[in-house]
Amino acid sequence: MSIPYSLLDLSPVPEGSEAADAISNSIDLARHAEGWGYRRYWLAEHHNMPGIASAATAVLISLIAQATERMRVGAGGIMLPNHAPLTVAENFGTLATVFPDRIDLGLGRAPGGDGAVIRALRRDPMADSFPQDVVELLDYFGPARPDAPVRALPGEGTHVPIWILGSSLFGAQLAAHLGLPYAFASHFAPGDMEQALAIYRDRFQQTQWGEKPRLMIAINVFAADDAEEAHYLRSSMQLAFARLRTGKPGKLPRPTRDLDAEISPQMRRMVDQALRITAVGNPAQVKEQLATLIDAHRPDEVILTGQIHDQQARLRSFEIAAEVMRGL
């Protein structure tokens, strides 16, 4: 049996298009992804980003779930510091009520935006109650407690699966302590990956919320029938990452065949280091690279992502990736 594979979508807004186009493209991709065998389709919360249309993550999850039939749909993730746990429980409890056994909730500790975003969301930038908030959420989704002073209705009794997301050692420790599944953000912050995975596996405790470790890693994929074309498609994400790092976020750039003319050698090295957990090339090359990453890190599941400017090329990339994953 092949390793389960899922898809992470930021609902990118390509240059020359608008958010409505990005959302339509995400729905289109999700319908195809279900047919290609992807287990989950996750969307991520980001704010104040012209190139990302998934800010209202629960709303977009609802649209994707309506457009599909069997595939699990969820958040990868909800940035919990931005929300009261009760609000998250009610939102995802409602989704789980409408789409039973299909909704996932991945939780992140980052704010998903800068200081101005934190203030606009009316959050306390000094507060750090993430572990307590996760436990509060788990209780809201648990068995009915008629005498509880506060209940998530809908939400109570839905047992929405909660994943801890992270790019550092903190999330690995928390997920292991609570017995929850853990997804590592290796697609953009792989620095602590090996240590975080080891901590999660070594320290995992069986709890009421989980009996054994379940580990997912994120991998960028840029696949095309021609290897040169795949590298060309990848340049959009490299450019977007470089612009974000220099404080100039925008819509997903058009690809370029001369990336070094667009960004400095130093920035190119930094970007490529951050995005090194990537498979790029033709189907045979992508298969070899994915197999190498899976053999090295032994995840229970992988979640594939990749921001590609052209929708048809994006569809083909994820189709190739699914074909490859089924053969591993």
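This is a predicted model: local features need pLDDT of at least 70, side-chain atom pairs count only at pLDDT 80 or more; totals for chains, interfaces and linings use all residues.
Start inside. In soluble globular proteins, nonpolar side chains tend to be buried together. The largest nonpolar core here has 75 residues. Within this core, Tyr38, Phe92, Leu105, Val134 and Leu304 touch the most other members. Helix α11, residues 311-327, supplies the largest share of the core, with seven residues. There is also a second, separate core of 17 residues. Among its members are Phe222, Ile263, Leu275 and Val280.

Look next at tyrosine 38. Setting aside residues up to four places away in sequence, tyrosine 38 touches Tyr5, Ser6, Leu7, Ala33, Met71, Leu304, Phe318, Ala321 and Ala322. One of these partners, Phe318, is worth a stop of its own. Phenylalanine 318 sits in helix α11. Its relative accessible area is 1%, so phenylalanine 318 is buried. Beyond its neighbours within four places in sequence, phenylalanine 318 is in contact with Leu7, Leu29, Trp36, Tyr38, Leu304, Thr305 and Gly306. Phenylalanine 318 and alanine 242 are 76 residues apart in sequence, and their C-alpha atoms are 24 Å apart in space.

Move to strand β3, residues 72-79, where alanine 75 is placed. Is alanine 75 buried or exposed? Alanine 75 has a relative accessible area of 0%, so this residue is buried. Leaving out neighbours within four places in sequence, its contacts are Trp42, Leu43, Thr57, Ile61, Phe92, Asp104, Leu105 and Gly106. Two of these contacts, Phe92 and Leu105, were named above among the core residues that touch the most other members. Alanine 75 and glycine 142 are 67 residues apart in sequence and 19 Å apart in space, C-alpha to C-alpha.Helix α2, residues 57-67, holds serine 62. Serine 62 has 19% relative accessibility, and the cut-off for burial is under 20%, so serine 62 counts as buried. With neighbours within four places in sequence set aside, serine 62 is in contact with Leu95 and Phe99.

Now turn to the helix pairs. Two packed helices are described by the angle between their axes and the distance between the axes. Take helix α6, residues 169-178, and helix α7, residues 193-203. These two pack at an angle of about 15°, with their axes 8 Å apart. Angles under 35 degrees count as roughly parallel, so α6 and α7 are roughly parallel to each other. Their crossing is right-handed. On the α6 side, the contact is made by Leu169, Ala172, Gln173, Ala175 and Ala176. On the α7 side, Gln195, Ala196, Ile199, Tyr200 and Arg203 take part. The residues of this contact divide into seven nonpolar, two polar and one charged.

The other pair is helix α8, residues 227-245, and helix α9, residues 265-274. At what angle do the axes of α8 and α9 cross? They cross at roughly 110° and come within 10 Å. Angles of 65 to 115 degrees count as roughly perpendicular, so α8 and α9 are roughly perpendicular to each other. The crossing of α8 and α9 is right-handed. Helix α8 contributes Arg234, Gln238, Phe241, Ala242 and Arg245 to the contact. Helix α9 contributes Met267, Arg268, Met270, Val271, Asp272 and Ala274. Here the residues divide into six nonpolar, one polar and four charged.

Last comes the backbone. Most residues other than glycine have a negative phi, and most peptide bonds are trans. Which peptide bonds are cis here? One joins glycine 76 and glycine 77, with omega about 15°. Glycine 77 is found in strand β3, the strand that also holds alanine 75. Another cis bond runs from leucine 153 to proline 154, with omega near 0°. Proline 154 lies in the loop between α5 (130-141) and β5 (162-166).

Aspartate 101 has a phi near 65°. This residue is found in the loop between α3 (85-98) and β4 (103-108). Its relative accessibility is 70%, so aspartate 101 counts as exposed. Arginine 298 has a phi near 50°, also a positive value in a residue other than glycine. Arginine 298 lies in the loop between α10 (283-297) and β9 (301-305). With a relative accessible area of 54%, arginine 298 is exposed.

Key
Residues are numbered from 1 along each chain as its sequence is written. Side-chain values use heavy atoms; hydrogens and water are left out. Axes are lines fitted to C-alpha atoms, for helices over the stretch in contact, and angles run from 0 to 180 degrees between N-to-C directions. Helices (H or I, at least four residues) and strands (E, at least two) are DSSP runs, numbered from the N terminus. Angles under 35 degrees count as roughly parallel, over 145 as roughly antiparallel, 65 to 115 as roughly perpendicular and the rest as oblique. A crossing is left-handed if the near helix is turned anticlockwise from the far one by less than a right angle, and right-handed if clockwise. Contact means heavy atoms within 4.5 Å. Ala, Val, Leu, Ile, Met, Phe, Trp, Tyr, Cys and Pro count as nonpolar, Asp, Glu, Lys and Arg as charged, and the others, Gly among them, as polar. Buried means under 20% relative accessible area, exposed over 50%, partly exposed in between (1.4 Å probe, protein chains only). A nonpolar core is a set of buried Ala, Val, Leu, Ile, Met, Phe, Trp, Tyr and Cys residues joined through side-chain atoms within 4.5 Å.
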